[in-house]
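Thanks for asking for a second pair of eyes on this one.

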Amino acid sequence: MQIDSIRVDGGVCLQGKVKIQGSKNACLPVMAATLLTKGESQITNCPKISDVFRMKQLLGSMGCIIRESSKGITIDTSRVQRKKMPSEAVQSMRSSICMLGALLGRTGEVYMEYPGGCVIGARPIDMHLMALEKMGAVFRMEEEMIYGSVENGFHGADIEFSKVSVGATENALLAAVLAKGHTRISGAAKEPEVQALCRYLVNCGAQISGIGSERLEIEGVETLHGCKMWIPADRIVAGTYLFAVLAAGGSAWLEEAPCDQMEAVIEVARRMGAVCQTGEDGLYVQAPERLQPVRRLKTGVYPDFPTDLQSAVLVAALRAEGVSEIEETIFENRFHIVEPLRDMGANVKVLDERRVKVWGPSVLTGKSVEAWELRGGAAMVLAGLMADGVSTINGYRYIMRGYENIAKDLTELGARVFSVREA
Ligand code: UD1
């Protein structure tokens with residue numbers, strides 16, 4: 001039996017509390033980074049999502065021994081072999097790109113397909129390759145394959161990124177920690193997930209300074225050992241449920257939501273009239289009786305409003321009384337949900353590949369719609385909450401890449417959301 005759609009009986013106000021899972025985007029690079037260590041790392045609070053399952057497959061195929069326990073997973077990287085990685089896992093997950101830096105750092109060689117992931121834009125890898133080449137790697141592209149090698153290990157370098165890339169910063173870090181000499185990364189991404197990777201590497205014995213800033217300084221060390229790492233809560237999942245409350249109405253306690261990483265998101269929710277109470281143990285959100293439009297909102301690199309919540313805020317803006325315009329500055333193809341939303345009756349229009357406009361409030365009617373990618377798929381579930389009648393969101397597999405169990409979480413908040421099993 002395979003689950004591939006999700007049914008939402010709309011029109012129910014949310015009420016209750018839900019615990020926020022561990023962060024996908026923090027967990028996957030940390031898992032890849034274990035390859036650089038010789039020993040065991042215990043990673044706790046890993047989200048139980050399909051991307052983590054695939055990363056386990058990738059590591060397993062490299063000879064890592066992975067044990068699961070109630071606390072999390074233990075990855076033993078004492079014996080890593082050079083092998084071609086399973087295509088399906090590489091092609092379905094953008095984070096497999098982290099394997100470039102990690103495997104080159106560990107074995108001096110890598111042979112893999114182009115990484116996959118969500119269909120949200122061109123997603124080039126030139127910045128990844130540029131950084132690794134500066135540190136001594138040589139790449140050859142063959143059809144859809146990347147072949148990379150580095151003779152006698154990486155050496156330190158001055159790397160300047162002209163734009164902010166989370167993945168390229170992570171790859172440069174992975175290469176630099178065991179490189180000979182000093183590496184400086186300017187224009188580094190400051191995202192909390194990059195900071196989490198730095199913390200893991202430092203706990204393994206790496207020397208990194210400037211963590212959380214746009215300039216990282218790394219002094220290469222001879223070896224890294226394993227360590228224990230707790231994966232922080234997922235700011236994107238917390239933000240999705242925050243906008244679920246604004247879309248459906250009601251209130252919720254988002255237990256363990258990382259409020260310190262969500263300032264821009266909370267600021268937008270308050271602008272829309274929500275009451276948000278922040279604490280170290282989570283976030284309380286209450287929707288207003290009459291939701292205000294966001295007016296103008298731009299996604300941006302951290303600490304600005306995250307691109308991964310652009311679809312969720314767009315759905316919430318449909319309930320607001322007034323006009324909102326949202327600009328996507330990170331990816332050039334991230335408005336897949338507009339068509340299905342229009343099918344449901346939303347008054348929303350793509351102005352150009354970067355801007356979308358919403359005239360609220362819209363009354364949505366439940367429909368059967370397709371999810372094409374992870375965050376857009378989750379946002380369609382939010383649209384289902386707002387709609388009159390029953391909505392079916394097909395393509396649940398995309399949502400499972402990043403949400404442990406969105407149906408169960410929203411049910412805990414009182415919604416009527418079911419995963420639909422098909423033979
Ligand atoms: C991005 C997001 C991250 C989000 C993830 C999944 C940012 C800065 N990054 O990370 O928050 O969780 O998507 O949705 O918000 N680029 C290049 N060349 C490269 C690499 C990237 O031109 O080699 C461009 C991309 O096309 C994009 C921008 O840089 O316009 C940021 O991309 P990047 O941060 O690398 O993407 P992810 O790491 O996937």
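Predicted model: local features only at pLDDT ≥ 70, side-chain atom pairs only at ≥ 80, totals over all residues.

**Notes on the ligand site and backbone**

1. Which residues come nearest to the ligand? They are M127, S165, V166, D308 and I330, out of the 21 residues around the ligand. If you color the shell by class, you will find 9 nonpolar, 5 polar and 7 charged residues.

2. Why does the ligand lie between the two domains? Domain 1 (3–21 + 233–421) and domain 2 (24–230) both give residues to the shell around the ligand, so the ligand lies between them.

3. For D308, a polar side-chain atom lies 2.6 Å from a ligand oxygen atom. In the side chain of N25, an N or O atom is 2.9 Å from an oxygen atom of the ligand. With K163, the distance from a polar side-chain atom to an oxygen atom of the ligand is 3.3 Å. On its own the ligand has 720 Å² of accessible area, and the protein covers 89% of that.

4. Now to the backbone, where two cis peptide bonds deserve a look. One joins Y302 and P303, with omega at about 10°; P303 is in the loop between β17 (296–298) and α10 (310–319). Another joins G360 and P361, with omega at about -5°, and P361 belongs to the loop between β20 (355–359) and β21 (368–370).

5. Last, a word on N45. Where is N45 found? Look in the loop between β3 (40–44) and α2 (50–61). Although N45 is not a glycine, its phi is positive, at about 65°.

Key
Residues numbered from 1 in each chain as written. Heavy atoms only, no water. Near = heavy atom within 4 Å. Polar contact = N/O pair within 3.5 Å; in protein donor to acceptor, adjacent residues only side chain to side chain. Areas by Shrake-Rupley, 256 points an atom, 1.4 Å probe, with all protein chains shown as cover. Nonpolar A, V, L, I, M, F, W, Y, C, P; charged D, E, K, R; others polar. Domains from an automatic or database assignment. Helix = DSSP H or I, 4+ residues; strand = E, 2+ residues; numbered from the N terminus.
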